[in-house]
Amino acid sequence: MRLIVGAQLHRADVNAVLEGKPLEDVLAERLLADPDLEGTKIVESEHLAVLAWMAKRERLDIRVGVPTDGRRLLTYAESGRYFHTKYGIFTDSYGNKVAFDGSNNATVSGWVANHETFDVYPSWKLQVWEWNGQASVEDFQRHWEGQPDDGWAIIPLPAAVRHHLVAYAPPSPPHPIPPEPRQGPTSEETERAWAELLTLSRAPRESQFTAVGTARAEPLPHQARLIHRVVSSYPRGYVFADEVGLGKTIEAGLVIRELLLSGRAHKVLLLVPASVIKQWQEELHEKISLDVPRYTGTWFEDRHGNIIDVGGANPWAAFPVVLASSHLARRRSRRQQILDAGPWDVVLVDEAHHARRRGSKPTDTPNSLLALLLEMRARDSWQALYLASATPMQMHPHEAWDLIALLGLPGRWARSAQDFTGYYERLRTAPSERDWATLTRMLGDYFSDPKAERDTALERQIQDDLGWVESYKILGLDKTPLAPETARHLPPAAAEWADKWLRRHTPMRDRVFRNTRQTLRAYQQAGVISPDVIIPYRHVEDEFIPLAPHERKLYNRIEEYIRRHYNTYKASKGKANQALGFIMTVYRRRLTSSFEAIRCSLRRRLEVLEQGKNLNELLAADDQVDLENTLFDPEEFDATADLLRGEITELRDFIADLEKITGEDTKATQLVNDIRDALNTYASVVVFTQYTDTLDYVRERLVMADYRSIGCYSGRGGEIYNPETRAWGPVTRTELKELFRSGEVTVLLGTDSMSEGLNLQTAGRLINYDMPWNLMRVEQRIGRVDRIGASYRDIRVTNYFYADTIEQRVYEGIAADFSDFTDIIGNAQPVLGTIEKTIQQLALTDIADRDSEADAAVGGIKSDIAELAARPIQTSDLGDTPEIIGHIEAPPVLVGSVTLADLERTLTGNLLTRACLTLVEGRPGVYELVLPAPPALAGLDKGVSLSLLYDSSPSGPDAYERPVVSAAIEVTFSRAVADTSRDDVVLLTFGSPHLAALLPAPMEEDED
């Protein structure tokens, strides 16, 4: 405790100081002269005895406030003033604060007879705290540090007074008189406690954004703006198109959390790529505080891999939230089952750009995913559709329309891709030549949607610049087109405003959210994000690593084998042959990674041939991401591998030669040296590779090079190296993240599964051991460390390539005009898909033709970039972020009536629940929770609308009488504790099965 008290000085005291007597001695004599501080009084007075005991135990620090005139001390007779202010701050071990002020008179008459006031300001009431409580904290600290208000001095308590207190301190703290024992709570008290819990359980339904405000993830400013807009306009559909690394999963997850827990949505379907489905499940648990089972196609699994039986129910309707792979949903054999399971309140599709047409024309056949979504829209299978994609703009403008049109657009915007792109084409013509009638009709169609945004800030700017009369020509364009004569004589300023108004009010701005790192910098420049928060800059370099002679010979031999078989299958008819051709391209990608990756693939190929397995078995889990980005239907890989039987002898020879490569290859040697250099500057290093096979090879090379603090993350989960046992052991993702953050793991290796959900912003050094042909995957990797709140302002990234390969030719060709591929992620972003196709085509071209074709291909990429810059619709037409629309609004505060602190205070104080929660000694903020019933996941047939997501809520006060000891787990109400815990401590919040088992189920409105 820190305490500032007052003291009245007499004339003799002041004179003594003026004569040179130490102030501390004078003040000590004055305080010790107080009869209340006699030794016997200290012993007899309980409150003085408590202070004395605290002083003895060094739990109390006292300072004294005395009046001055700025130059000297004043007596009470001179000043008439006494340090009599009454305010203070209590802080608990979790950081919660209560500030108080007013009369806190301790006499009986003060509390019983007088008219007294006493105000308190809790920190968990944010607006109250910011207005009143925080000022008390700052005022006290200022006084304590010797910067008091004018006319006062704050002086440390004289040592003599402290010694006097300590001398009479009791051996143990006095205890208050215990209250008379009670027989137990009355029925009235029990009913009040039950009513309090019922009110608490209703909070997410009765107070908007309670669910968001109590999630583990706190939205950043750009995310808060998106979430507020989407939730407030539900069931309107949107495209979430933020740059990779800016948290699309968090945005979508918090929207779904709010809609579910508020009772506005009851059925949700999440379709995500198979390669990230487990990461989505973990992210929903860790960041969104929702436990969602994932559908494997055969059964459901929880996040621990335990199988959940749903009997004979339609799996697509088995739970309130169904998480499944979009690749599984694309199967024609599943389509009717999916359609029968609808409708859903919300359908979300991640990596939605995979839904596209099979050709370059807007009339070409939709692929299986786009066909599924079109049929679902025709059957009204959703209330709201959310599409997530960092690259909604592909090479062809109609591809963006294919996605946005799924949301349901008004009027001509929905009629065709030609109408959609035609609007932007007209904006490229001179005002005198424009088809103003069509622009007016389409602008009118836009505003016909009552939920469409009207940019009032832009409206005011136009009015201020042009005046009311002239501005109406622009602001009224949705009703009246410009007359030909007006258009011909439109002043340049008015023409510019007209373009801004017309581009601002389109579905591309209104139905798409597109935040970039530039958005974050704009928020920081405006003061929305603190200048102390680091938004890093990246520095990318390419390292071309020469192959040793024996490696070059083997590399060329493998490449020739892949190319020969690819061309054979490509020339053959039949879907199975085409699928085999694709598999050869996967092998070529693996060769780019490491000899170990291709060796494992060829071993797998031999095993499939010898055992007569299906083509699907030729691909490892890491290869699925490449398959998901193709136009192949999943069924095309169901054929057997009998076509390959003639390869068995050749494969055996190949594998035998690959086995002869022992020790480090040249790339692994480069990595060992680069990590050693990096750790001289950075505290840690992150290394990415595409394949688990490569990861396993690299980590053993690092162990041989005497690195010990190594962690890994792949499709197997987290692993760390134990130097004592010389073995790798499993760790949870939460444990691995905290080990890396704390510095106990200094080298972290991961496959691309680590580029989803694991935030690694404490690292400043990243090495891409291999480069995926799809450069957006590289951007996802970099996005793990290039994050707001990073530890380093400058992040260094190194990309490894084998030298003298087609990859080097392409990347160096790009670098001639761009410093690295990150420079073309903007309006030219769609060309990244072209780069992937170009590398694939060149890698499988005959060596004799490769040089000339490589030059032509690089020239084609540059032409594509130039063409993209000239097309009518740009990536910059997406969204309405501050740096695009030219003004910034303060982000909304997404907090409801109940916060995590409110949950803690209520549940630990409530008569019925407080016995269920026990603080864990030595672990601030952690409780042991014993539930009145074990948590149980609810199906749709179990009244999910009443019990949110779980079916184990207490039915009445009697349910709390016999807690189930076997259900004891560790929980917290603190985000910070949950984030830094290695033991996966559960955040006890709404949506958690454990809180659902502790609170009564919220009643529907008609049952209230």
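## Packing of α25 against α29

What is the handedness of the crossing of α25 and α29? In this predicted model, the crossing of these two helices is left-handed. Helix α25 covers residues 549-571 and helix α29 covers residues 648-659. Their axes come within 11 Å and cross at roughly 155°. Because angles over 145 degrees count as roughly antiparallel, α25 and α29 are therefore described as roughly antiparallel to each other.

From α25, the residues in contact are Leu554, Arg557, Ile558, Tyr561, Arg564 and His565. They meet Glu650, Leu651, Asp653, Phe654, Asp657 and Leu658 of α29. By class, the residues of this contact comprise six nonpolar, one polar and five charged.

## Packing of α34 against α36

The crossing of α34 and α36 is right-handed.

Helix α34 contributes Ile806, Arg809, Val810, Gly813 and Ile814 to the contact. The residues of the contact of α34 with α36 divide into six nonpolar, one polar and five charged.

## Backbone features in loops

Most residues other than glycine have a negative phi, and most peptide bonds are trans. The residues below depart from one or the other of these patterns.

A cis peptide bond links tyrosine 234 to proline 235, with omega at about 10°. Proline 235 lies in the loop that runs between α11 (221-232) and β7 (238-240). Another cis peptide bond links glycine 342 to proline 343, with omega at about 0°. Proline 343 belongs to the loop between α15 (332-341) and β13 (344-350).

Phenylalanine 209 has a phi near 70°, a positive value in a residue other than glycine. This residue sits in the loop between α9 (187-206) and α10 (210-213). With a relative accessible area of 5%, phenylalanine 209 is buried, since buried means under 20%.

Aspartate 804 also has a positive phi, near 60°, and is likewise a residue other than glycine. Its place is in the loop between β23 (794-802) and α34. Is aspartate 804 buried or exposed? At 63% relative accessibility, aspartate 804 counts as exposed, the cut-off for that class being over 50%.

## Surroundings of glutamate 459

Glutamate 459 is located in helix α20, which spans residues 456-475. Its relative accessible area is 17%, so glutamate 459 is buried. When residues up to four places away in sequence are not counted, glutamate 459 touches Arg454, Leu475 and Trp501. Glutamate 459 and tyrosine 472 are 13 residues apart along the chain, and their C-alpha atoms are separated by 9.8 Å.

## The chain as a whole

The secondary structure of the protein chain comes to 41 helices and 27 strands. The chain has 1008 residues, of which 55% count as buried. Among contacts with a separation of 6 or more, 75% are between residues 24 or more positions apart.

The accessible surface of the protein chain comes to about 42900 Å². Carbon and sulfur atoms account for 50% of that surface.

How values were computed:
Residues are numbered from 1 along each chain as its sequence is written. This is a predicted model: local features need pLDDT of at least 70, side-chain atom pairs count only at pLDDT 80 or more; totals for chains, interfaces and linings use all residues. Side-chain values use heavy atoms; hydrogens and water are left out. A crossing is left-handed if the near helix is turned anticlockwise from the far one by less than a right angle, and right-handed if clockwise. Helices (H or I, at least four residues) and strands (E, at least two) are DSSP runs, numbered from the N terminus. Contact means heavy atoms within 4.5 Å. Ala, Val, Leu, Ile, Met, Phe, Trp, Tyr, Cys and Pro count as nonpolar, Asp, Glu, Lys and Arg as charged, and the others, Gly among them, as polar. Buried means under 20% relative accessible area, exposed over 50%, partly exposed in between (1.4 Å probe, protein chains only). Accessible areas come from the Shrake-Rupley method with a 1.4 Å probe; for residues, only the protein chains shown count as cover. Axes are lines fitted to C-alpha atoms, for helices over the stretch in contact, and angles run from 0 to 180 degrees between N-to-C directions. Angles under 35 degrees count as roughly parallel, over 145 as roughly antiparallel, 65 to 115 as roughly perpendicular and the rest as oblique.
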